[in-house]
Amino acid sequence: MSTRASTLTGRIMSAPSIIVLFLWMAVPLGMTIYFSFLRYNLLSPGMEEWIGTLNYEFFLTDPAFFASLANTLLLVGSVLAITVVGGILLGLMLDQPIFGRGVLRLLVIAPFFIMPTVNALVWKNLLMDPVSGMFAWIASLFGLPAIDWFTNAPLTSIIIMVSWQWLPFAVLILLTALQSLDRDQKEAAQMDGAGPISIFFYITLPHLSRAITVVVLIETIFLLTVFAEIFVTTGGGPGLATTNIAFLVYTQALLQFDVGGASAGGIVAVILANIVAIFLIRLIGKNLDK
Amino acid sequence: MGAIRLEKVKKTFGTLDVIPGVDLDINDGEFVVFVGPSGCGKSTLLRLIAGLEDVTDGKILINGTDVANEAPAKRGLSMVFQSYALYPHMTVYNNIAFGLKMAGESKEVIEEKVQSAAKILNLTDYLERRPSALSGGQRQRVAIGRAIVRNPAAFLFDEPLSNLDAALRVNMRLEITGLHQELKTTMIYVTHDQVEAMTMADKIVVLQAGRVEQVGKPMELYNNPANKFVAGFIGSPKMNFLGGELAQKRDCHEIGIRPEHIAVSTESGEIPATVKIAEHLGAETYLHVEADGLGPMTVRATGEIPLGEHDKIFLTPEQDRIHRFDAHGLALGNS
């Protein structure tokens, strides 16, 4: 890529894919922004008209918006906490020379390869079902009443399911980070009189900080848009108990047929995701510069 | 105080005898160097003393108490690792202070000890830096600083200079020797470099395949090696070993002559030879020669010698510097 001719050739050759990728992103975004300023309801086709920011006013003052915003943050925060803490503990365990480590590692990674809808169905029908579920059966062994998970603890159930799905990812990243920890450092700390707990907090945890940053950033991106698990199990309810922003946008568009309102919600979700991203990168992204 | 005594220390990994049983006395304040080729068990022996490996059998006595089953920190020893093993996320100050912090010392005591260690090691200006912002030699000094502050019974060094370049290695060698003279603490130093062993040690322990081949002062090992292995390992370039007629004439299986104990002449001498390669270093000349009927030999001559490839020369060993060995490689005393 040194001569002018080869540079030009390179540009011409790569142009189609760049243009396609740009359109792929820009056209839907532009249309969504345009729709968000229209009154556009599928029940009254052909009646679209420009209504300015009214959609945004409705969406942002809707009590459902604040409920789903809180649900989204609670869901993301809880799953992050569970997967990071659980990932570190499981990673530490799998880093030890224990019996059957190879098989254990495979088992721990497995949930990541299960698609979210299947995951949700397995939890809903096989594990958490109050009549035929595994948990109900275990409870009955101890003479306890079965818990109706999706009625009594809906958001907790979703958090458990999503955590189960994302724990393998955290374990995978954190385990590789643990394996790269220099053995000499641990031994030096041992010579310095640090016990296992001190070694964990002073040596292992700081060493993991980068990996934890990666886990938090990547998981946050995906957890903000959790949808399948909610759609398959609770359908956002009871009430609004498990509705997050992504699900709220869905109900606006496809249950109330309000394309304009849903577009406004979508744009709000994009803005919120960007706020979270900026916040995260400011807060922990500096770990990546080291 | 730091007298260390090993009694029948044994280490096996599975069925592999890494250290079949070592007895060794290290006196208080001594600078002892474990030297041997790679894989001879010298690092394992050091790690056994440190407590980073469990002994299979035997006793490790530090000042008379058996510590073979104690945790590393309880033994009162400090170790400097080959990789330095600095804590990368801590400043130099915190690196040095870590051991004291773990021991529960007060802030004032830590401050004082860290500052005095930093002063000894010329690290005062770098205390707020992280290890990644230091040069190799400075990192090495931080590792030593971390060892010093704990005021140990003995320092353990595991090949501490092998990651440094040649010039820095010579400097650090002098610094460590100086440190030993200043602190007068027992030091155990592991290296595969016999030059480090010769220059630094009060006492050298030569190891091979987990066995102690010989223990002694550097010059004792140089002048009276107990066997062929020690004779070949100590001294650079390596000793020449010759069999055949020359050995029979001296009543032994093989003789050993150090390259520096051979006189070179172009007219007459005991062993006729042909120069293959001559390395001219200015102060001395290394001649790699092919001795007639005896095979390759190395000769070290002082000063500049105008010899080159294919030159015919005659070699005459210094008669009282010839080492004699029996068929098992054991030394028979000088002839």
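Student: Which residues of chain A does UniProt list as "transmembrane region"?

Tutor: The unreviewed UniProt entry gives residues 12-37, 64-90, 102-122, 134-151, 158-179, 199-218, 230-250 and 262-284 of chain A. Such annotations may be inferred rather than shown by experiment; feature names are shortened and positions follow the numbering used here. This is a predicted model, in which local features need pLDDT of at least 70, side-chain atom pairs count only at pLDDT 80 or more, and totals for chains, interfaces and linings use all residues. Residues are numbered from 1 along each chain as its sequence is written, while chains are lettered from A and ligands numbered from 1 in the order in which they are written.

Student: How many Å separate the end C-alpha atoms of residues 64-90 of chain A?

Tutor: They lie 37 Å apart, and the span is 100% helix and 0% strand. For residues 134-151 of chain A, the separation is 17 Å, with 61% helix and 0% strand. Helices (H or I, at least four residues) and strands (E, at least two) are DSSP runs, numbered from the N terminus.

Student: What describes two packed helices?

Tutor: The angle between their axes and the distance between the axes. In chain B, H2 (residues 92-102) packs on H4 (residues 136-148) at about 30°, with the axes 7 Å apart. Axes are lines fitted to C-alpha atoms, for helices over the stretch in contact, and angles run from 0 to 180 degrees between N-to-C directions.

Student: Which strands form the open sheet of chain B?

Tutor: Its order is E2-E1-E4-E5, with antiparallel pairing; strands pair if DSSP finds at least two bridges between them. E2 (16-26) and E5 (65-66) of chain B each have a single partner strand, so one side of each lacks a neighbour in the sheet. E1 (residues 4-13) of chain B pairs with E2(B) over seven bridges.
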